[in-house]
Amino acid sequence: MTDLTVRRLLIDLDTPVPRHWCGGDAFLTAWFNALSMSFPVGEQFFIDAVREGAKGLPEDQRARWDAEVKGFVGQEATHRRIHALFNAQIEKHGLVNDWAPRAESRMKLLAGADARHALGITAANEHFTALFAEWLLGHPEVLAGSEPRLKALWLWHSAEEAEHKSTAFDLYQALGGNHAWRVKWMRRITVFFLVDALRQTAANLRRDGTLWRWSTWRSAGRHLLGRQGLLRANWSAWRAYFRPDFHPDQQDTERSADWLRDNSALFVAVGR
């Protein structure tokens, strides 16, 4: 079982956020803003999936899972809250969240479905976020020049995502979830996630007036498809999820543990 600490990040999100807060880079700002727009709805879905899944465990297993489920819920609820505050600030820039309503519509299709489907979806998304977290922590240049409080927000969130990357996966397995459906959901989530993220990023750039600047496209190409870009650098780690013997713990998260240890002054632990 994973020992998960719930932490409260010590930053102020009442103060306005600069328009191009990510080092002045319009693409990176729009990309991170797009991801944040998905988090309040997404994190709530993950919380509900894990809570409902835990209810389906045999009685003799529930106590063993209780602490990890509470830790997962606590971390995700904290992420949901702080990104809602961040989103309220970027909405003042004229941005419109189109991603969340689309996601909510899809979630309604799962009403009454076997709890393992929601867990399979959650496990796939958690794999994505864990890969993104390690990539971001391993490429400090991406957030170089960013406002310190927002740099802290993204690195703290990333580190915790890597920390609880196994919870939904292990719960899916404990409930008898099979490999075939696990990989089906990963294929579907890959399409939904990439299309939604790029669609919202483009919308953010369009409303920002920077969609058709050469610097925007150059940054997008370098940070997504470049040799060390997010998609290219994580291709093999993404493919690993499709192996029958895959487990999230096979993916290294040492950077996340190091960041949490070295930056303890930025947060306070509120529970386990």
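Which residues are buried in helix α11 (residues 254-262)? I looked this up in a predicted model, and I found that S256, W259 and L260 are buried there. Viewed down the axis of α11, I see the buried residues fall within an arc of 95 degrees, so they line one face of the helix. I then turned to the face of α11 directed away from that buried side, and noted that it carries the exposed residues R261 and D262.

Next I checked helix α5 (residues 148-163), whose 16 residues should span 22 Å at 1.5 Å a residue, and I found its end C-alpha atoms 22 Å apart, which agrees. I also noted that α5 is mostly covered, with 13 of its 16 residues buried.

I went on to the largest nonpolar core, which has 80 residues, and listed those that touch the most other members: W21, W31, F32, L35, L136, L153 and W154. Helix α1 (residues 26-55) gives this core its largest share, 16 residues.

I recorded the contact as made by W99, R102 and R106 of α3 and by F192, F193, D196, A197, R199 and Q200 of α7.

Notes: Residues numbered from 1 in each chain as written. Predicted model: local features only at pLDDT ≥ 70, side-chain atom pairs only at ≥ 80, totals over all residues. Heavy atoms only, no water. Helix = DSSP H or I, 4+ residues; strand = E, 2+ residues; numbered from the N terminus. Expected span 1.5 Å × (residues − 1). Buried < 20%, exposed > 50% of the residue type's maximum accessible area, 1.4 Å probe, protein only. Arc of directions from axis to C-beta. Core = buried A, V, L, I, M, F, W, Y, C linked by side-chain atoms within 4.5 Å. Contact = heavy atoms within 4.5 Å.
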